[in-house]
Amino acid sequence: MADVFSIEDQICFSLYVCSKELVKRYNERLEEFNLTYTQYLALMSLYESGTANVKELGKKLFLDSGTLTPLLKSLEKKGYLTRNRSMEDERQLIVSITEAGCAIIKKVSDLPIKLREELVEDEKSIECLQIILRKTLKKLRDKKGKA
């Protein structure tokens with residue numbers, strides 16, 4: 001049984017450390033493209049959908065408007081997205097990925113594969129673990145704010 005007073009036995013600590021390490025590795029590789037990990041996630045989301053309401057995008061990425069607004073302004077300056085008011089409701093801001101945004105996402109599309117190759121030794125084991133971990137973490141994430 002795990003020792004509740006040992007930090008090494010805390011799954012939350014392991015997730016925290018691993019998450020920080022993965023973000024660091026992504027940031028190191030994204031630096032040459034002048035992107036942060038969070039900008040990369042926003043562009044990935046827009047690449048999937050093409051356009052999004054800023055509020056919906058923030059919800060999807062678990063980012064508040066104080067974090068999301070400067071991030072989107074920065075991506076707009078780089079030419080990777082546009083921000084426009086909705087024609088139906090001017091209170092809503094719509095963001096759309098540009099051709100340049102799509103091009104940069106295509107350039108960095110191999111990052112998850114490269115990182116996986118660097119970090120994973122036993123491909124079969126990690127695939128099973130990923131399925132279980134993804135489902136478990138999604139359940140935890142979806143319960144956010146429902147407690």
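Q: Where is the place of I97?
A: I97 has its place in strand β3, where strands are DSSP runs of E with at least two residues, helices are runs of H or I with at least four residues, and both are numbered from the N terminus. The model is a predicted one, in which local features need pLDDT of at least 70 and side-chain atom pairs count only at pLDDT 80 or more, while totals for chains, interfaces and linings use all residues. Residues are numbered from 1 along each chain as its sequence is written, and side-chain values use heavy atoms, with hydrogens and water left out.

Q: And is I97 buried or exposed?
A: I97 counts as buried because its relative accessibility is 16%, given that buried means under 20% relative accessible area, exposed means over 50%, and partly exposed lies in between (1.4 Å probe, protein chains only).

Q: Which residues does I97 touch, leaving out those up to four places away in sequence?
A: I97 touches L43, L46, Y47, G50, Y80, L81 and C102, a contact being heavy atoms within 4.5 Å.

Q: What about the rest of β3, how many of its residues are buried?
A: Four of the five residues of β3 are buried, so that strand is mostly covered.

Q: In what order do the strands of the sheet run?
A: The order is β1-β3-β2, in an open sheet of three strands with antiparallel pairing; two strands pair if DSSP finds at least two bridges between them.

Q: Which strands stand at the edges?
A: β1 (51–53) and β2 (81–85) stand at the edges, and because each has a single partner strand, one side of each is left without a neighbour in the sheet. Direction ignored, neighbouring strands of this sheet are turned by 25° against each other on average.

Q: How many bridges hold for each pairing with β3?
A: β1 pairs with β3 (residues 93–97) over three bridges in the antiparallel sense, and β2 pairs with β3 over five bridges, also in the antiparallel sense. Among the bridge partners in β3, V95 goes with A52, and S96 goes with T82.

Q: Which helix lies across β1 and β3?
A: That is α3, which runs at about 90° to β1; axes are lines fitted to C-alpha atoms, for helices over the stretch in contact, and angles run from 0 to 180 degrees between N-to-C directions.

Q: Changing topic, at what angle do α2 and α4 pack?
A: The angle is about 75°, with the axes of α2 and α4 10 Å apart. That makes α2 roughly perpendicular to α4, since 65 to 115 degrees counts as roughly perpendicular, under 35 as roughly parallel, over 145 as roughly antiparallel and the rest as oblique.

Q: Which residues meet there?
A: From α2, T38, Q39, A42 and L43 meet L71, S74 and L75 of α4. The residues of this contact divide into four nonpolar, three polar and no charged, where Ala, Val, Leu, Ile, Met, Phe, Trp, Tyr, Cys and Pro count as nonpolar, Asp, Glu, Lys and Arg as charged, and the others, Gly among them, as polar.

Q: What does S45 touch, again leaving out residues up to four places away in sequence?
A: S45, which is found in helix α2, touches L57, K60 and L61. With a relative accessibility of 5%, S45 counts as buried.

Q: And where is L22 found?
A: L22 is found in helix α1, and with a relative accessible area of 37% L22 is partly exposed. The C-alpha atoms of L22 and L115 are separated by 8.5 Å, while the two residues are 93 residues apart along the chain.

Q: In which loop does N34 lie, and what is its phi?
A: N34 lies in the loop between α1 (11–30) and α2 (37–49), and N34 has a positive phi of about 60° although it is not a glycine. F62, in the loop between α3 (54–61) and α4 (65–77), has a positive phi near 60° and is likewise a residue other than glycine. F62 is partly exposed, with a relative accessible area of 40%.

Q: Last one, how many helices and strands are there in the protein chain?
A: The protein chain has seven helices and three strands, and from the N terminus on the elements run α-α-β-α-α-β-β-α-α-α. Of its 147 residues, 24% count as buried.
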